[in-house]
Amino acid sequence: MPYLQRLPSMPSEEALTPKDREWLQKHFDVYAQEVVINGEAIRWDYVEEIEVVVAARAKGPAGWLVRNMVMGGERYHLAVYYGYNEGVLTNMNETIVKYVLGMIAYYAPKRLKYTGPDTLAAVSEF
């Protein structure tokens with residue numbers, strides 16, 4: 001089972017555009033005691049797993065048009081599972097999802113299971 005690898009320092013905001021920062025300000029924040037997703041505070045004690053999936057898009061020319069021209073590239077959904085609940089961030093670009101995963105990996109006080117593309121976050125097997 002892969003786990004998010006802890007980070008020794010906070011991820012840089014350099015790659016984030018002003019629009020990315022605005023999106024993050026509305027939907028995500030993280031502190032030593034909790035992670036905040038869409039205004040809902042979730043204590044780290046309860047967080048069990050992080051999952052990232054590629055947002056579904058139609059196959060064919062219409063799907064390609066929406067993904068690349070309208071959305072500006074591939075989009076991702078990120079879920080934070082805690083107990084029987086989940087907090088979900090939707091339609092994030094790759095830059096935002098990497099930043100969010102980095103912040104979670106930096107602040108989480110315990111190992112968190114990770115399901116998703118290995119290219120988005122550093123993972124370890126132990």
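Modeller: Gladly, and please keep in mind that this is a predicted model.

Colleague: Let me step back a bit. How many helices and strands does the chain have?

Modeller: There are three helices and nine strands in the chain, and reading along the sequence gives the pattern β-α-β-β-β-β-α-β-β-α-β-β. Of the 126 residues in the chain, 36% are buried. If you take the contacts between residues at least 6 apart in sequence, 62% of them join residues at least 24 apart.

Colleague: Now for the inside. How many residues are in the largest nonpolar core?

Modeller: That core has 32 residues, and the ones with the most contacts inside it are Phe 28, Ile 50, Leu 78, Val 100, Leu 101 and Ile 104. Helix 1, strand 2, strand 3 (34–37), strand 5 (47–54), strand 6 (76–82), strand 7 and helix 3 each supply at least two residues of this core. Helix 3 gives the most to this core, with eight residues. As general background, nonpolar side chains in soluble globular proteins tend to be buried together.

Colleague: Pick Ile 104, then. Which residues does Ile 104 touch?

Modeller: Leaving out residues up to four places away in sequence, Ile 104 touches Leu 4, Phe 28, Trp 44, Ile 50, Leu 78, Val 80 and Leu 112.

Colleague: Staying with helix 3, is Tyr 99 buried or exposed?

Modeller: Tyr 99, which lies in helix 3, has a relative accessibility of 10% and therefore counts as buried, since the cut-off for that is under 20%. From Tyr 99 to Ala 121 is a step of 22 residues in sequence, while their C-alpha atoms are 9.1 Å apart in space.

Colleague: Switching to rings, how many aromatic pairs does the structure hold?

Modeller: The structure holds one aromatic pair. Tyr 106 and Tyr 107 form that pair in an edge-to-face arrangement, with 5.0 Å from centre to centre and 85° between the planes. Tyr 106 counts as partly exposed at 27% relative accessibility, and Tyr 107 is partly exposed too, with a relative accessible area of 23%.

Colleague: And what lies over the face of Tyr 3?

Modeller: Arg 111 lies over that face, at 3.8 Å from the ring centre of Tyr 3.

Colleague: Where does the start of the chain sit? I mean Met 1.

Modeller: Met 1 is in the segment before strand 1 (3–4). The C-alpha atoms of Met 1 and Tyr 114 are separated by 7.9 Å, although the two residues are 113 residues apart along the chain. Met 1 touches Lys 113, Ser 124 and Glu 125, again not counting residues up to four places away in sequence.

Colleague: So what else does Ser 124 touch?

Modeller: With that same exclusion of residues up to four places away in sequence, Ser 124 touches Met 1, Pro 2 and Tyr 3. Ser 124 lies in strand 9, residues 123–124, and at 16% relative accessibility Ser 124 counts as buried.

Colleague: Last topic, the backbone. What is phi of Asn 38?

Modeller: Phi of Asn 38 is near 50°, a positive value in a residue other than glycine. Asn 38 is found in the loop between strand 3 and strand 4 (40–43), and at 44% relative accessibility Asn 38 counts as partly exposed. Asn 91 has a positive phi of about 50° as well, although Asn 91 is not a glycine. Asn 91 is found in strand 7 and counts as partly exposed at 32% relative accessibility.

Definitions and conventions
Residues numbered from 1 in each chain as written. Predicted model: local features only at pLDDT ≥ 70, side-chain atom pairs only at ≥ 80, totals over all residues. Heavy atoms only, no water. Phe/Tyr/Trp six-rings, centres within 6.5 Å; stacked < 30°, edge-to-face > 60°. Buried < 20%, exposed > 50% of the residue type's maximum accessible area, 1.4 Å probe, protein only. Lys NZ or Arg CZ within 6 Å of the ring centre and 35° of its normal. Core = buried A, V, L, I, M, F, W, Y, C linked by side-chain atoms within 4.5 Å. Helix = DSSP H or I, 4+ residues; strand = E, 2+ residues; numbered from the N terminus. Contact = heavy atoms within 4.5 Å.
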